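Hi there,

Here is the structure I promised to pass along. Have a look, and then read on for what turned up in it.

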Amino acid sequence: VRTESLVNPTFLANMTQLWRHDARLAQQIDEIPLDAALDVQPSKAGPPTASVTTHDGRKLYLHSRHDPLREATDFCKTLDTADAHCVVLCGMGLGYHVKSICDMLGDEIVIFIAEPDLVTIKTALEHTDLSGELAGGRIDFLTSLEKASFHDHLQRHSTMLMLGTVFAVPPVSRELHADFHAHCRQAVNDFAAFWRMSLVTLVRNAAITCRNIANNLPTYVSTPPLAELRG
């Protein structure tokens with residue numbers, strides 16, 4: 001973890017937990033230059049908002065310029081979370097949606113944050129204290145669609161994925177990195193479907209195996225062992 005005086009307490013607390021649960025991502029964040037960050041500015045309500053410039057020169061705000069916390073809370077209330085055990089959040093922003101989801105659904109919820117831009121993650125960790133949420137090990141980051149790494153992250157929480165997954169796509173993520181988020185959602189759905197099928201196959205095969213063992217048991221116990229053929 002960085003120890004320079006420029007590192008703020010929020011970033012230090014967040015990175016401490018990130019190193020414990022995702023050392024590879026923590027190393028990548030630590031290697032980003034200190035001055036690399038999104039354009040962050042205070043909102044009218046006080047908490048900061050942030051903006052990015054698109055490839056065609058447009059400025060996109062990741063959160064409301066008036067009240068970003070309320071905006072995040074209102075958005076999360078629109079999600080159908082009745083049977084949710086896992087939430088895939090498309091776009092990290094400054095982390096406000098993460099806190100709102102945890103407040104709504106409690107500490108047992110698993111949150112996958114799909115965010116391909118490491119500078120965005122770094123900026124969020126510098127401005128929003130997520131150390132408590134990160135400490136539970138139920139927040140995971142999907143920063144790449146590379147299959148091996150992607151599946152490794154999903155497999156850690158495969159049971160929760162199968163029990164019920166909700167996709168949270170804030171409005172800005174429908175423009176910013178939209179292709180990444182679309183492919184990410186499809187990949188998560190494919191993974192969950194694969195694991196459901198694997199579980200069903202396992203249960204079915206287990207029943208067949210137990211039945212075969214039971215039917216063969218009389219022959220097993222009444223047949224002399226191969227030791228009699230020695231020599």
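How many nonpolar, polar and charged residues does the lining of the second largest pocket have? By class, there are four nonpolar, five polar and three charged residues. Please keep in mind that this is a predicted model.

That second largest pocket has a volume of about 170 Å³. Its lining includes Asp22, Arg24, Phe141, Leu142, Glu146 and His153. At least two lining residues come from each of α2 (23–30), β6 and α7 (147–155).

β6 pairs with strand β5 (residues 110–114) in the parallel sense, over four bridges. In that pairing, phenylalanine 112 stands opposite aspartate 140.

Elsewhere, three strands make up an open antiparallel sheet in the order β1-β2-β3. β1 (39–42) and β3 (59–61) are the edge strands, each pairing on one side only. From one strand to the next, the twist averages 30°. Strand β2 (residues 48–53) is joined to β3 by three bridges, and serine 51 stands opposite tyrosine 61 in β3.

Finally, the largest pocket holds about 330 Å³ of space. Of its 23 lining residues, Val52, Thr54, Glu175, Leu176 and His177 are the closest to the centre. The lining of this pocket divides into seven nonpolar, 11 polar and five charged residues.

How values were computed
Residues numbered from 1 in each chain as written. Predicted model: local features only at pLDDT ≥ 70, side-chain atom pairs only at ≥ 80, totals over all residues. Heavy atoms only, no water. Pairing = 2+ DSSP bridges. Axes fitted to C-alpha atoms, helices over the stretch in contact; angles between N-to-C directions. 1 Å grid on protein atoms, 1.4 Å probe; cavity = no way out; pocket = protein on both sides within 12 Å on 5 of 7 lines; lining within 4 Å. Points joined across faces, edges and corners; volume = space filled by probe spheres on them. Nonpolar A, V, L, I, M, F, W, Y, C, P; charged D, E, K, R; others polar.
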